[in-house]
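This report describes the folds of two chains and the contacts between them. The sequence and the model are shown first.

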Amino acid sequence: MNLYAYGLSDEITAAALAFEEGAGIEGAKPFLIECGGIRAIVSEFGGERVEVTRANLRAHNRVNGLVLAETTPLPFRFGTVATAAGLVQYVEANREMLLATLERMRGCVEMSVKIMWDVEAMRRASEITDETLPPTAAVEGAVGPGAAYLAAKRREMAASEALKSKAEEIVAWLARGVGDAACETRTEVEPERELVVRVAHLVERVRLDVYRERLQAAREERAGELRFLTSGAWPPYSFSNIASQKPKFA
Amino acid sequence: MTFEPEIETAQADEFIEQLRHVTNVLPERINVDAQTVEQGLAKLVLTLIELIRRLLEKQAVRRMEGGGLTPEQVEQLGLALMKLEAKMQDLKAQFGLADEELNIDLGPIGRLI
């Protein structure tokens, strides 16, 4: 019988958890297996591959959320299936890395900030003409379609760089606003998209109120210009190595 | 203290739409069933060609800005890159691939393009 693996913890105990029947993937009841001081949160799973459905995604997050209410787990990426022996072997082979990551995540949760901007308005504001670029003799002296193509590419690249700078300014502004309320940050910036910035903050539970206050102040500061979606607390999916890469089990 | 996640936004529908798009371009495995293997491989190969094509364009623009090319060389380089872009459009259309599909998520280090 395979196991579906939700996450790892060195603090959680069976007594602290009250998993209900049906809380896990495909209605299975989660339980813990001991891997030499690190416990894996798992449930029985009949298949080899988990379907990506709303119910399964919710179950994965619900179980990690229940653990998060007690302690901070290292969540596995959705869809992690292994045998009990494979899990134990994985933990043994990666013990030092896992213990160090558990220590780094201890007492923390992940908070998420997503920011949208009006990308078309930003493009218009970043519009580049040949006159705004430094002159080059090659462009001025060439008049054929090939030169026109390269000149257009040059303008596109300059506009793209300008857009990127504006997006990076938002990232820097948010970092200043949150300050030391976040102990680690993961950022994804896509200047060409409406959803321009996605940030995950690792926040100590004891500093959550400070973090929320600072974030709220930042949101209000640029509410007319940017649109925000904030969420959390989540298990540290973005900061846990085992969440971003699918572990190889024996 | 509760750890039931809170979600706050005044533009839920817009974010759902955008996040749906992000989910649609999450990293995928190459599907190796007989019917779709060709398209999966084409997507991978075209992504790499697209990356190289863009690097060539950037290099050409840098050389042009650096003043190291004569107007004739700029014209020839521009024409070659223009043809390469047109060829890529043909290939994308042939395999039914959109521009945003030509990318690879490299996990913690971001997207390839």
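## Chain A: overall fold

Chain A contains eight helices and nine strands; helices (H or I, at least four residues) and strands (E, at least two) are DSSP runs, numbered from the N terminus. Its radius of gyration is 24 Å, well over the 18 Å that the globule rule gives for 250 residues, so chain A is more spread out than a compact globule. The radius is taken over C-alpha atoms, and the rule is 2.2 Å times the number of residues to the power 0.38. Along the principal axes, the C-alpha atoms of chain A fill a box of roughly 75 × 40 × 35 Å.

The model is predicted: local features need pLDDT of at least 70 and side-chain atom pairs count only at pLDDT 80 or more, whereas totals for chains, interfaces and linings use all residues. Residues are numbered from 1 along each chain as its sequence is written, while chains are lettered from A and ligands numbered from 1 in the order in which they are written.

Of the 250 residues of chain A, 36% are buried. A residue is buried if 20 or more other C-beta atoms lie within 10 Å of its own, exposed if 12 or fewer, and partly exposed in between, with C-beta atoms placed from the backbone. Contacts are defined by C-beta atoms, likewise placed from the backbone, that lie within 7 Å. Among contacts in chain A between residues at least 6 apart in sequence, 78% join residues at least 24 apart.

Val196(A) belongs to strand β8 (residues 195-204) of chain A. This residue counts as buried because it has 25 C-beta neighbours inside 10 Å. Beyond its neighbours within four places in sequence, its contacts include Ile115(A), Met116(A), Trp117(A), Ala167(A) and Ile170(A). By C-alpha positions, Val196(A) and Gln89(A) are 40 Å apart in space and 107 residues apart in sequence.

## Chain B: strand and helices

Chain B has three helices and one strand, arranged along the sequence as β-α-α-α. Buried residues make up 13% of its 113 residues. For contacts in chain B with a separation of 6 or more, 60% are between residues 24 or more positions apart.

Helix α2 (residues 37-65) of chain B has 29 residues, which should span 42 Å at 1.5 Å a residue; its end C-alpha atoms are 42 Å apart, which agrees. The expected span is 1.5 Å times one less than the number of residues. Buried positions in α2(B) are Lys43(B), Glu50(B), Glu57(B), Ala60(B), Val61(B) and Met64(B). After α2(B) comes Gly67(B), with a positive phi near 80°.

Helix α3 (residues 71-94) of chain B, with 24 residues, reaches 35 Å from its first C-alpha to its last, close to the 34 Å expected. Within α3(B), Val74(B), Glu75(B), Leu77(B), Gly78(B) and Leu81(B) are buried. Gly96(B), which follows α3(B), has a positive phi near 65°.

## Interface between the chains

In the interface, 34 residues of chain A are in contact with 31 residues of chain B. On the side of chain A that touches chain B, the elements giving two or more residues are α1 (54-68), β6 (108-116), α5 (137-141), α6 (145-178) and β9 (227-234) of chain A. The residues on this side of chain A divide into 18 nonpolar, ten polar and six charged. Ala, Val, Leu, Ile, Met, Phe, Trp, Tyr, Cys and Pro count as nonpolar, Asp, Glu, Lys and Arg as charged, and the others, Gly among them, as polar.

Strand β9(A) runs antiparallel to strand β1 (residues 6-9) of chain B and is joined to it by four bridges; strands pair if DSSP finds at least two bridges between them. Ser231(A) has Ile7(B) of β1(B) as its bridge partner.

Terms used:
Two residues are in contact if their C-beta atoms, placed from the backbone, lie within 7 Å.
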